[in-house]
Amino acid sequence: MDQSRIAEIIDRIANNTATDEDLAVYNAWCNAQQEGKPGLGDLSARETLVLERVHQQAGISRGRVFPWRMAAAAALAGIIAGGYFWSRQGNKPKEPLVVSIPAKQNDVAAGKNTATLTLANGKKIILSGAQAGKLTSQAGAEVTKTADGSLAYHPVSNPATVEYNTLTTARGEQYQITLSDGTKVWLNAATSLTFPASFAQLAERTVEVQGEAYFEVASDPAHPFRVKTGKQQVQVLGTSFNVNNYADEPLARTTLLEGAVKINNAQVLKPGQQAISAPNGALKIVNVDTNGAIAWKNGYFEFKDENIYDVMRKIARWYNVEIIYEGDIPTDEMEGTISRYENVSKVLGTIEKAGILKFRITGKKIYVSKY
């Protein structure tokens with residue numbers, strides 16, 4: 001990542017002028033530091049001091065109120081455990097709190113970067129246990145696990161037949177794959193992607209998704225790219241978009257970041273728009289902040305105008321836990337940003353600071369009750 005750009009973003013965070021895009025880039029950079037990639041040593045002495053000042057400001061004291069952008073920056077960077085979170089009571093939102101939540105002994109760790117690949121013949125490969133390098137060959141494509149732990153298909157010949165593979169993440173898992181045409185796909189937890197091992201003999205590039213996935217589609221106008229979900233069909237006219245089609249979510253959503261996509265052979269989205277499909281098939285197009293749609297890909301939860309049931313469905317999938325509600329549960333709309341890489345107790349502790357709900361963890365069960 002360009003260190004000069006990071007330095008500029010750090011300055012904007014320190015001056016409280018950082019944009020949402022700045023914070024997303026900063027979050028990705030901080031995640032890279034945790035993975036052992038080039039880090040603070042690449043910054044100048046001045047820039048390092050500025051960054052340290054940002055960190056010190058974010059951790060002055062528990063419960064201290066900061067401007068929302070500073071709170072978001074701290075949460076995204078993993079500077080503090082938790083992040084910022086508040087609940088709307090009537091029309092008046094609470095002030096966001098930057099909090100430091102101690103870990104609990106009875107806890108659940110965050111999800112992992114792994115998945116299961118099912119080949120055309122039914123053979124399954126558990127990718128967490130696979131070594132980097134060639135895994136197998138499938139109908140004109142060589143399948144490899146890359147050095148960074150993702151999956152990649154490389155076309156090597158024109159196949160006589162088309163063979164379909166399926167990449168599946170369980171609850172508590174996420175993964176990334178590069179298809180044979182160069183298209184990159186990120187899978188969120190509890191998601192499956194079915195795709196041809198090679199697109200060489202196909203007039204159209206068609207894949208199927210159940211769950212949530214982010215796509216960066218390789219350009220090939222002669223071979224249109226389509227994504228089929230349970231409630232929407234997406235014809236790709238551009239590059240970057242997110243689909244959310246979980247069976248336990250009441251609405252299916254496709255969010256466009258760059259380029260253009262056509263939904264159900266009818267509506268064309270522009271960047272910054274989201275297509276929402278209701279259970280009755282009705283389709284609505286709305287303008288959205290795209291950062292929220294791909295927050296999961298960038299390593300954090302972002303909730304906006306969501307009630308506790310919306311929030312806990314996301315937490316349940318990522319931490320692979322069961323949610324049990326006790327008594328009369330408030331359904332105030334909530335907003336917040338919390339790292340996905342913390343143990344669940346820190347995430348729940350941050351939500352508790354809004355003073356509306358409290359949580360109890362027992363094994364792989366989370367009990368939710370009124371505060």
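This briefing describes selected features of the structure shown above, grouped by topic. The model is predicted, and the values quoted here are computed from it. The structure holds ten salt bridges, one cavity of 30 Å³ or more, and a second largest pocket with a volume of about 840 Å³. Helix 7, which spans residues 344-352, is largely enclosed by the rest of the structure, because eight of its nine residues are buried.

- Side chains of opposite charge can pair when their charged atoms come close.
- Arg317 forms a salt bridge with Asp248, and the closest N and O atoms of the two are 2.9 Å apart. This pair links distant parts of the chain, since Arg317 lies in helix 6 while Asp248 lies in the loop between strand 16 and strand 17, 69 residues apart.
- Arg317 is buried, with a relative accessibility of 7%, whereas Asp248 is partly exposed, with a relative accessible area of 42%.
- Asp310 and Arg313 are joined by a salt bridge of 2.7 Å, N to O, and both lie in helix 6, three residues apart, which is about one turn of the helix. Through shared partners, salt bridges join Asp248, Glu249, Asp310, Arg313 and Arg317 into one network.
- Glu306 and Lys314 form another salt bridge, with the closest N and O atoms 3.1 Å apart. Glu306 is buried at 14% relative accessible area, while Lys314 is partly exposed at 26%.

**The second largest pocket**

- The second largest pocket is lined by 32 residues, and those that lie nearest its centre are Arg253, Gly292, Glu302, Glu306 and Lys314.
- Strand 16 (240-245), strand 17 (252-256), strand 20 (273-277), helix 5 (290-293), strand 22 (300-306) and helix 6 (308-319) each supply at least two residues of this lining, and the largest share, six residues, comes from strand 22.
- The residues of the lining divide into 13 nonpolar, six polar and 13 charged.

**The largest cavity and Asn264**

- The largest cavity has a volume of about 50 Å³, and its lining consists of Arg226, Val227, Lys228, Gln233, Val234, Gln235, Lys262, Asn264 and Asn265.
- Strand 14 (225-228) and strand 15 (233-236) each supply at least two residues of the lining of the largest cavity, which divides into two nonpolar, four polar and three charged residues.
- Asn264, one of the residues of that lining, is placed in the loop between strand 18 (261-263) and strand 19 (267-269), and counts as partly exposed at 32% relative accessibility.

**Positive phi values**

- Most residues other than glycine have a negative phi.
- In Asn264, phi is near 55 degrees, a positive value in a residue other than glycine.
- Ala190 also has a positive phi, near 55 degrees; Ala190 is found in the loop between strand 11 (184-187) and strand 12 (191-196) and is partly exposed, with a relative accessible area of 28%.

- The buried residues of helix 7 are Val344, Ser345, Lys346, Val347, Leu348, Gly349, Thr350 and Ile351.
- Arg340 is found in the loop between strand 24 (334-339) and helix 7. Arg340 is buried yet has no salt bridge, and the nearest side chain of opposite charge, that of Glu212, is 6.6 Å away.
- Not counting residues up to four places away in sequence, Arg340 touches Ala110, Gln174, Asn188, Trp296, Gly299, Tyr300, Phe301, Trp318 and Tyr319.

Notes
Residues numbered from 1 in each chain as written. Predicted model: local features only at pLDDT ≥ 70, side-chain atom pairs only at ≥ 80, totals over all residues. Heavy atoms only, no water. Helix = DSSP H or I, 4+ residues; strand = E, 2+ residues; numbered from the N terminus. Buried < 20%, exposed > 50% of the residue type's maximum accessible area, 1.4 Å probe, protein only. 1 Å grid on protein atoms, 1.4 Å probe; cavity = no way out; pocket = protein on both sides within 12 Å on 5 of 7 lines; lining within 4 Å. Points joined across faces, edges and corners; volume = space filled by probe spheres on them. Nonpolar A, V, L, I, M, F, W, Y, C, P; charged D, E, K, R; others polar. Lys, Arg positive; Asp, Glu negative; His and termini not counted. Salt bridge = Lys/Arg side-chain N within 4 Å of Asp/Glu carboxyl O. Contact = heavy atoms within 4.5 Å.
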